[in-house]
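Please open the model in your viewer and keep the sequence panel beside it. The tour below moves from one selection to the next and says what to look for at each stop.

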Amino acid sequence: MRNNDTIFKTLIVAVILCLVCSAVISSVAVGLRDLQEANKKLDQQTKILAAAQLLDETKTVQELFNSIEAKIVNLETGEYNNIIDVGLFDEASFSRDEATSIQLSSKQDIAIIKRRENFQKIYLHSQDKKLTAVILPVRGYGLWGTLYGYLAVEPDFQTVIGLEFFQHKETPGLGAEVDNPKWKSQWKGKKIFSDKGDVMLSVIKGSVKNNSPNAPYQVDGLSGATITSKGVSNLLSFWLGDLGYKPYMQRMLMDLEINDV
């Protein structure tokens, strides 16, 4: 009788099983890729709508998102770019490419993003042909990694509608409280700039004192998450500043003033 329990045959069987399992896993991964991308897109659309306070339980995200218009903005000039395909725009690719981004100095890089893309995709919501919200992508380093989110502001570019993060690595129960509805509700109505045009919007340590002259610009700090709180303040200061969306906001305000004349 032949002995089939040799080491060689055992190894052959093990290799075949590994190859079969690898093939099955690869097939499943490829099959799920489109679904994963669709879910990722749906989540980001949900966060955009949530930041602008536009979610409505009676309508689907896709229906609501039909009222959102995406535009590419040149961050240097503040002008819209009509050449770059808004559907193909990828923030990460643009920020890594030296031809489409700038290296930030340590003094400039308060959000710790290393490079800033020269173009960004922003979102506009209008109702009855009137602009009601501008949703701006923002990002910056927290405690364990980069927080990615959306800041929605009113057309006066001075008043916050909402702030939502769709990706981060912050500690559950501490920095991850950026997802807490109670904390997020504090952002609505907060002011951004001082009379001199400086970014004042920030997350403070502790609770906001209502009698403080800076209260309109402040949000309560995250308990036990000082570094995350500071990270949120820094990323907002960067993206609302001269190297971020400030040129765009100033140009938009000029255009609105001209159209109102």
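Predicted model: local features only at pLDDT ≥ 70, side-chain atom pairs only at ≥ 80, totals over all residues.

Residues are numbered from 1 along each chain as its sequence is written, and side-chain values use heavy atoms, with hydrogens and water left out.

**The sheet**

Begin by colouring the strands; here helices (H or I, at least four residues) and strands (E, at least two) are DSSP runs, numbered from the N terminus.

**Strand 5 and its neighbours**

Select strand 5 next, and ask which residues pair with L124 on either side. The bridge partner of L124 is E69 on one side and V134 in strand 6 on the other. Seven bridges join strand 5 to strand 1 (residues 68-74), the two running antiparallel, and five bridges join strand 5 to strand 6, also antiparallel. In the hairpin of strand 5 and strand 6, which has two residues between the strands, D128 takes a positive phi near 55 degrees. Seven of the nine residues of strand 5 are buried, where buried means under 20% relative accessible area, exposed over 50% and partly exposed in between (1.4 Å probe, protein chains only).

**The largest nonpolar core**

Now show the side chains of V134, W187, V232 and Y248, which have the most contacts inside the largest nonpolar core, a group of 38 residues. Such a core is a set of buried Ala, Val, Leu, Ile, Met, Phe, Trp, Tyr and Cys residues joined through side-chain atoms within 4.5 Å. Its largest share, five residues, comes from helix 5. Centre on Y248 and display its contacts (heavy atoms within 4.5 Å): among the residues that Y248 touches, not counting those up to four places away in sequence, are V73, Y80, L124, V134 and F157.

**A buried arginine**

Move along strand 6 to R139, which counts as buried because its relative accessibility is 5%. What does the side chain of R139 make a polar contact with? The partner is the side chain of E117, at 2.8 Å; a polar contact is a pair of N or O atoms within 3.5 Å, and within protein one must be able to donate a hydrogen and the other to accept it, while residues adjacent in sequence count only if both atoms are side-chain atoms. A polar atom of the R139 side chain also lies 3.4 Å from the backbone oxygen of R115.

**Last stop: K40**

Finish in helix 1 (residues 7-51) by selecting K40, which is partly exposed, with a relative accessible area of 48%.

Notes. Pairing = 2+ DSSP bridges.
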